[in-house]
Amino acid sequence: MKGRTFDRPRWRRLIRGMTALVIGVMAVGAASAVGASGARVTSGDVQAFALGAGLDVSGRAQMIRTADGRTIVTVHVEGLAPDTAYGSHVHQQACATGEADGHYKFDPAGPAAPPNEIWPAFTTNAAGVGNGFASVAGTAGPNAVSVVVHAPGGAKIACADLR
Ligand SMILES: [Cu+2]
(Lines give C-alpha, C1' and ligand atoms only; values in the text may rest on other atoms or scores of the structure.)
Protein backbone atom coordinates (compact mmCIF):
# COMPACT_ATOMS: atom_id res chain seq x y z
CA MET A 1 0.00 0.00 0.00
CA LYS A 2 1.28 3.41 -0.94
CA GLY A 3 1.07 6.03 1.81
CA ARG A 4 1.22 9.78 1.24
CA THR A 5 4.50 11.36 2.10
CA PHE A 6 4.16 13.82 4.95
CA ASP A 7 5.77 16.98 3.68
CA ARG A 8 7.22 18.34 6.92
CA PRO A 9 9.03 21.48 5.67
CA ARG A 10 5.83 22.63 3.96
CA TRP A 11 3.82 22.21 7.18
CA ARG A 12 6.48 24.10 9.13
CA ARG A 13 6.32 26.98 6.65
CA LEU A 14 2.53 27.02 6.89
CA ILE A 15 2.58 27.07 10.71
CA ARG A 16 5.25 29.80 10.72
CA GLY A 17 3.17 31.84 8.31
CA MET A 18 0.00 31.43 10.37
CA THR A 19 1.82 32.30 13.60
CA ALA A 20 3.15 35.49 12.03
CA LEU A 21 -0.36 36.34 10.83
CA VAL A 22 -1.90 35.78 14.28
CA ILE A 23 0.80 37.88 15.98
CA GLY A 24 0.29 40.58 13.36
CA VAL A 25 -3.47 40.66 13.89
CA MET A 26 -3.00 40.76 17.69
CA ALA A 27 -0.55 43.65 17.38
CA VAL A 28 -3.00 45.62 15.23
CA GLY A 29 -5.83 44.84 17.70
CA ALA A 30 -3.76 45.96 20.69
CA ALA A 31 -2.66 49.14 18.93
CA SER A 32 -6.23 50.08 18.02
CA ALA A 33 -7.35 49.67 21.65
CA VAL A 34 -4.83 52.26 22.87
CA GLY A 35 -6.53 55.61 23.13
CA ALA A 36 -4.96 59.03 22.73
CA SER A 37 -4.48 59.18 26.51
CA GLY A 38 -2.50 55.92 26.46
CA ALA A 39 -5.34 54.03 28.14
CA ARG A 40 -6.02 50.47 26.99
CA VAL A 41 -9.69 49.59 26.61
CA THR A 42 -11.31 46.17 26.34
CA SER A 43 -15.06 45.57 26.28
CA GLY A 44 -17.81 43.16 25.35
CA ASP A 45 -21.52 42.39 25.39
CA VAL A 46 -23.20 40.85 28.43
CA GLN A 47 -24.84 37.51 27.68
CA ALA A 48 -26.73 35.01 29.82
CA PHE A 49 -24.94 31.92 31.08
CA ALA A 50 -26.68 28.54 30.81
CA LEU A 51 -27.98 28.90 34.38
CA GLY A 52 -29.30 32.34 33.52
CA ALA A 53 -30.72 31.25 30.17
CA GLY A 54 -34.26 32.01 31.34
CA LEU A 55 -33.22 35.62 31.67
CA ASP A 56 -33.36 37.96 28.70
CA VAL A 57 -30.34 39.92 29.83
CA SER A 58 -28.27 42.27 27.75
CA GLY A 59 -25.69 44.93 28.35
CA ARG A 60 -22.10 45.87 28.07
CA ALA A 61 -18.94 45.68 30.15
CA GLN A 62 -15.75 47.68 29.75
CA MET A 63 -12.30 47.70 31.30
CA ILE A 64 -9.98 50.68 31.07
CA ARG A 65 -6.33 50.25 31.99
CA THR A 66 -5.34 53.89 32.43
CA ALA A 67 -1.95 55.24 31.45
CA ASP A 68 -1.32 56.19 35.10
CA GLY A 69 -1.78 52.63 36.35
CA ARG A 70 -5.41 52.27 37.42
CA THR A 71 -8.00 49.75 36.27
CA ILE A 72 -11.58 50.96 35.88
CA VAL A 73 -14.42 48.54 35.12
CA THR A 74 -17.99 49.44 34.27
CA VAL A 75 -20.85 47.05 33.61
CA HIS A 76 -24.34 47.91 32.40
CA VAL A 77 -26.99 45.18 32.53
CA GLU A 78 -30.66 45.21 31.56
CA GLY A 79 -33.31 42.55 32.06
CA LEU A 80 -32.59 41.77 35.71
CA ALA A 81 -34.94 41.73 38.73
CA PRO A 82 -35.93 45.17 40.04
CA ASP A 83 -34.30 46.72 43.12
CA THR A 84 -31.96 43.79 43.62
CA ALA A 85 -28.28 43.67 44.64
CA TYR A 86 -26.12 41.65 42.24
CA GLY A 87 -22.53 40.59 42.67
CA SER A 88 -20.10 41.22 39.85
CA HIS A 89 -16.41 40.48 39.45
CA VAL A 90 -13.68 40.43 36.86
CA HIS A 91 -12.93 36.76 36.16
CA GLN A 92 -9.80 35.05 34.88
CA GLN A 93 -11.16 32.98 31.99
CA ALA A 94 -13.34 33.64 28.98
CA CYS A 95 -17.09 33.18 29.51
CA ALA A 96 -17.10 29.92 27.53
CA THR A 97 -14.24 28.40 29.55
CA GLY A 98 -15.59 26.84 32.76
CA GLU A 99 -18.11 29.67 33.05
CA ALA A 100 -15.22 32.14 33.30
CA ASP A 101 -13.57 30.16 36.15
CA GLY A 102 -12.63 32.13 39.30
CA HIS A 103 -11.96 35.75 40.07
CA TYR A 104 -9.07 37.66 38.59
CA LYS A 105 -6.53 38.57 41.30
CA PHE A 106 -3.70 41.07 40.98
CA ASP A 107 -1.72 38.93 43.43
CA PRO A 108 -2.76 35.28 42.97
CA ALA A 109 -1.70 34.55 46.58
CA GLY A 110 -3.49 37.63 47.94
CA PRO A 111 -6.95 38.08 49.45
CA ALA A 112 -10.17 37.22 47.59
CA ALA A 113 -11.53 40.74 47.93
CA PRO A 114 -10.96 44.23 46.54
CA PRO A 115 -8.55 45.82 45.92
CA ASN A 116 -6.83 42.52 45.05
CA GLU A 117 -9.91 41.68 42.97
CA ILE A 118 -12.15 43.91 40.87
CA TRP A 119 -15.82 43.91 41.90
CA PRO A 120 -18.16 46.17 39.88
CA ALA A 121 -21.21 45.11 41.92
CA PHE A 122 -24.50 46.98 41.59
CA THR A 123 -28.13 47.25 42.67
CA THR A 124 -30.75 47.39 39.93
CA ASN A 125 -33.35 50.12 39.66
CA ALA A 126 -37.12 49.55 39.49
CA ALA A 127 -36.78 48.66 35.79
CA GLY A 128 -34.22 45.91 36.41
CA VAL A 129 -31.32 47.94 35.04
CA GLY A 130 -28.01 47.92 36.85
CA ASN A 131 -24.79 49.89 36.49
CA GLY A 132 -21.67 48.65 38.25
CA PHE A 133 -18.39 50.49 38.67
CA ALA A 134 -15.03 49.61 40.17
CA SER A 135 -11.78 51.54 40.14
CA VAL A 136 -8.64 50.07 41.65
CA ALA A 137 -4.96 50.92 41.76
CA GLY A 138 -2.84 48.74 39.49
CA THR A 139 -2.97 47.63 35.87
CA ALA A 140 -4.91 44.41 35.47
CA GLY A 141 -2.90 41.61 33.89
CA PRO A 142 -3.65 39.83 30.62
CA ASN A 143 -5.88 37.20 32.25
CA ALA A 144 -8.43 39.77 33.45
CA VAL A 145 -10.63 38.74 30.54
CA SER A 146 -14.29 38.70 31.58
CA VAL A 147 -16.92 40.27 33.82
CA VAL A 148 -19.40 37.93 35.51
CA VAL A 149 -22.73 38.91 37.07
CA HIS A 150 -23.93 36.78 39.99
CA ALA A 151 -27.48 36.31 41.27
CA PRO A 152 -28.06 37.26 44.92
CA GLY A 153 -27.52 33.57 45.82
CA GLY A 154 -24.13 33.58 44.06
CA ALA A 155 -24.99 31.69 40.86
CA LYS A 156 -23.24 32.93 37.73
CA ILE A 157 -26.02 34.26 35.53
CA ALA A 158 -24.37 36.46 32.91
CA CYS A 159 -20.96 37.22 31.48
CA ALA A 160 -19.13 39.54 29.13
CA ASP A 161 -15.85 38.70 27.41
CA LEU A 162 -13.48 41.68 27.42
CA ARG A 163 -11.73 42.00 24.09
CU1 LIG B 1 -17.63 36.31 40.16
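Predicted model: local features only at pLDDT ≥ 70, side-chain atom pairs only at ≥ 80, totals over all residues.
Colleague: What makes arginine 60 and aspartate 45 a salt bridge?
Modeller: Their closest N and O atoms are 2.7 Å apart, and the cut-off is within 4 Å, so the pair qualifies. Arginine 60 sits in strand 2 and aspartate 45 in strand 1, so the pair ties together parts that are 15 residues apart in sequence.

Colleague: Why is arginine 60 called partly exposed?
Modeller: Its relative accessibility is 40%. Buried needs under 20% and exposed needs over 50%, so arginine 60 falls in between. Aspartate 45, at 44%, is partly exposed too.

Colleague: And glutamate 117 with lysine 105, what makes that pair a salt bridge?
Modeller: The N to O distance is 2.8 Å, and the rule asks for within 4 Å, so that one counts. Both residues lie in the loop between strand 4 and strand 5, twelve residues apart.

Colleague: Is glutamate 117 buried or exposed, and how do you know?
Modeller: Buried: its relative accessible area is 0%, and the limit is under 20%. Lysine 105, at 23%, is partly exposed.

Colleague: Why does the pair of arginine 163 and aspartate 161 count as a salt bridge?
Modeller: Their closest N and O atoms are 3.7 Å apart, and the cut-off is within 4 Å, so the pair passes. Arginine 163 is exposed at 72%, while aspartate 161 is buried at 18%.

Colleague: Why is alanine 126 called exposed?
Modeller: Its relative accessibility is 62%, and exposed means over 50%. Alanine 126 lies in the loop between strand 5 and strand 6.

Notes. Residues numbered from 1 in each chain as written. Heavy atoms only, no water. Helix = DSSP H or I, 4+ residues; strand = E, 2+ residues; numbered from the N terminus. Buried < 20%, exposed > 50% of the residue type's maximum accessible area, 1.4 Å probe, protein only. Salt bridge = Lys/Arg side-chain N within 4 Å of Asp/Glu carboxyl O.
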